[in-house]
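This report looks at charged pairs and a surface patch. The structure is shown first, and the description follows.

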Amino acid sequence: KIVRVLPGMQAAFVDIGLHDDGLIHISKMSKSFVKNPNDILHVGDIITCYVDNVDLVKQKVQLSLIKNA
């Protein structure tokens, strides 16, 4: 579920059931160009996303809307 969309940061945060939310960078939202995250994502949207990277040191989860990104 999308919990925040930050156009200035070009990212969206997703509640993935962990203490911290996962992040989808604008480059991982679509195979085609996305100018503004609000063009395709809105707070409250229920989405399917994929884990792109897990940084255990920083405790961050990077996500993607693109399968096999």
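## Terms and basis

A salt bridge is a side-chain nitrogen of Lys or Arg within 4 Å of a carboxyl oxygen of Asp or Glu. The model is predicted, so local features need pLDDT of at least 70 and side-chain atom pairs count only at pLDDT 80 or more, while totals for chains, interfaces and linings use all residues. Residues are numbered from 1 along each chain as its sequence is written, and side-chain values use heavy atoms, with hydrogens and water left out.

## Salt bridges

The whole structure holds 2 salt bridges. In one of them, the side chains of Lys28 and Asp52 meet at 3.6 Å, N to O. Lys28 lies in the loop between S3 and strand S4 (50–55) and Asp52 in strand S4, so the pair ties together parts 24 residues apart in sequence. Strands (E, at least two residues) are DSSP runs, numbered from the N terminus.

Lys28 is partly exposed at 22% relative accessibility, and Asp52 is partly exposed at 32%. Buried means under 20% relative accessible area, exposed over 50%, and partly exposed in between (1.4 Å probe, protein chains only).

Arg4 and Asp21 also form a salt bridge, at 3.8 Å, N to O. Arg4 is in strand S1 (residues 2–6) and Asp21 in the loop between strand S2 (11–14) and strand S3 (22–25), 17 residues apart. Arg4 is partly exposed at 41%, as is Asp21 at 28%.

## Nonpolar patch

Val51, Val54 and Leu56 form a nonpolar surface patch with about 320 Å² of accessible area together. Patches are made of residues with over 30% relative accessible area and no salt bridge; like charges are joined within 9 Å, nonpolar side chains (Val, Leu, Ile, Met, Phe, Trp, Tyr) within 5 Å. Accessible areas come from the Shrake-Rupley method with a 1.4 Å probe; for residues, only the protein chains shown count as cover.

Val51 lies in strand S4 and is exposed, at 58% relative accessibility.

Definitions and conventions. Helix = DSSP H or I, 4+ residues; strand = E, 2+ residues; numbered from the N terminus.
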